[in-house]
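Here is a short briefing to read with the model open beside you. Take it topic by topic, and look each place up as you go.

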Amino acid sequence: MDIRQASAADAGAIAEIYNDAVLNTTAIWNDHVTDAAGRAAWMAERQGAGYPVLVADEDGTVLGYATYGPFRPHDGYRHTAELSIYVRSDLRGRGTGSRLLERLAALAEESGIHVLVGGIEAGNAASLALHRRHGFEETGRLPQVGTKFGRWLDLVFMTRVLAGPEAQG
Ligand SMILES: CC(C)(COP(=O)(O)OP(=O)(O)OC[C@H]1O[C@@H](n2cnc3c(N)ncnc32)[C@H](O)[C@@H]1OP(=O)(O)O)[C@@H](O)C(=O)NCCC(=O)NCCS
């Protein structure tokens with residue numbers, strides 16, 4: 001398995017994984033699906049702003065993707081980033097999420113990110129386990145802030161403090 005930066009050619013595979021998560025999971029609190037062009041535009045914006053979009057590629061098959069971006073828009077949050085990771089539903093439990101998260105954390109540290117945040121639906125056992133496995137701890141829980149599939153959703157924040165940099169004025 002190769003972990004590499006995504007290119008426009010991956011947009012279709014990324015859209016399929018994203019749409020499956022929209023339609024079938026509480027991992028993402030959106031109700032609308034997208035297409036390759038929609039994901040390509042999103043990728044261009046994210047990569048253009050200097051953030052990574054990674055794919056796990058096995059012999060040309062995209063197993064999953066991962067990214068991080070701004071946590072909140074205010075200046076003081078510039079060393080904090082919020083990550084997301086999605087693995088194809090038929091290919092989970094093979095270590096792909098772990099590989100993506102490892103690489104994402106290394107890139108974040110190199111880029112001067114101090115804290116990584118995961119925003120996870122409280123019932124998403126796989127994501128909670130993945131983040132815990134990689135040194136994240138639960139640091140916040142917001143009851144009933146989301147809704148999907150006709151019920152309220154609780155949001156758990158998990159954070160990991162990375163090595164660098166020193167705080168700046
Ligand atoms: C969460 C997700 C990315 C994990 O990816 P994955 O490739 O299946 O995970 P891995 O195989 O790398 O497993 C990572 C760790 O999580 C654990 N884990 C994975 N799935 C699990 C599950 N369903 N229940 C409990 N633990 C689980 C694994 O045991 C492993 O820990 P270990 O190394 O101690 O054994 C994947 O389930 C997914 O895409 N889910 C839908 C989208 C989503 O929820 N994304 C996160 C949004 S916050």
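Contact here means heavy atoms within 4.5 Å. With that in hand, Asp20 is in contact with Thr25, Ser89 and Arg92, leaving aside its neighbours within four places in sequence. This is a predicted model, in which local features need pLDDT of at least 70 and side-chain atom pairs count only at pLDDT 80 or more, while totals for chains, interfaces and linings use all residues. Residues are numbered from 1 along each chain as its sequence is written, and side-chain values use heavy atoms, with hydrogens and water left out.

**Asp20 and its helix**

- Asp20 lies in helix H1; helices (H or I, at least four residues) and strands (E, at least two) are DSSP runs, numbered from the N terminus.
- Asp20 counts as partly exposed because its relative accessibility is 22%; with a 1.4 Å probe and protein chains only, buried means under 20% relative accessible area, exposed over 50%, and partly exposed in between.
- Between the C-alpha atoms of Asp20 and Ala163 there are 35 Å, and the two residues are 143 residues apart along the chain.

**How H1 meets H2**

- Two packed helices are described by the angle between their axes and the distance between the axes.
- The axes of H1 and H2 cross at roughly 105° and come within 8 Å; axes are lines fitted to C-alpha atoms, for helices over the stretch in contact, and angles run from 0 to 180 degrees between N-to-C directions.
- H1 and H2 are therefore roughly perpendicular to each other; angles under 35 degrees count as roughly parallel, over 145 as roughly antiparallel, 65 to 115 as roughly perpendicular and the rest as oblique.
- On the H1 side the contact is made by Ala11, Gly12, Ile14, Ala15 and Tyr18, and on the H2 side by Ala36, Arg39, Ala40 and Met43.
- By class, this contact of H1 with H2 has seven nonpolar, one polar and one charged residues; Ala, Val, Leu, Ile, Met, Phe, Trp, Tyr, Cys and Pro count as nonpolar, Asp, Glu, Lys and Arg as charged, and the others, Gly among them, as polar.

**The largest pocket**

- Rolling a probe the size of a water molecule over the atoms shows where empty space is left.
- The largest pocket has a volume of about 970 Å³.
- A pocket is an open set of points on a 1 Å grid over the protein atoms alone, where a 1.4 Å probe fits, with protein on both sides within 12 Å along at least five of seven lines; lining residues have an atom within 4 Å of a point.
- Grid points are joined across faces, edges and corners, and the volume is the space filled by probe spheres set on the points.
- Of the 39 residues that line the largest pocket, Ala27, Ile85, Tyr86, Asn124 and Ser127 are the closest to its centre.
- Helix H1 (11-24), helix H2 (36-48), strand S3 (61-70), strand S4 (80-87), helix H3 (96-110), strand S5 (115-121) and helix H4 (125-133) each give two or more residues to the lining of the largest pocket.
- S4 gives the most to this lining, with six residues.
- Sorted by class, the lining of the largest pocket has 17 nonpolar, 16 polar and six charged residues.

- Thr80 has its place in strand S4, and Thr80 is buried because its relative accessible area is 18%.
- Not counting residues up to four places away in sequence, Thr80 touches Phe71, Ile113, Val115 and Val117.
- Arg88 is found in the loop between S4 and H3, and Arg88 counts as partly exposed at 30% relative accessibility.
- Leaving aside its neighbours within four places in sequence, Arg88 is in contact with Ile17, Thr61, Val62, Leu63 and Gly64.
- Arg88 and Ala13 are 75 residues apart along the chain, with their C-alpha atoms separated by 9.3 Å.

**Positive phi angles**

- Asp59 is not a glycine, although it has a positive phi of about 50°.
- Asp59 has its place in the loop between strand S2 (53-58) and S3 and counts as exposed, at 79% relative accessibility.
- Gln144, in strand S6 (residues 137-148), has a positive phi of about 60° although it is not a glycine.

**Leu155 in strand S7**

- Leu155 has its place in strand S7 (residues 151-161) and is buried, with a relative accessible area of 15%.
- Leaving aside its neighbours within four places in sequence, Leu155 has contacts that include Trp29, Gly119, Ile120 and Leu142.
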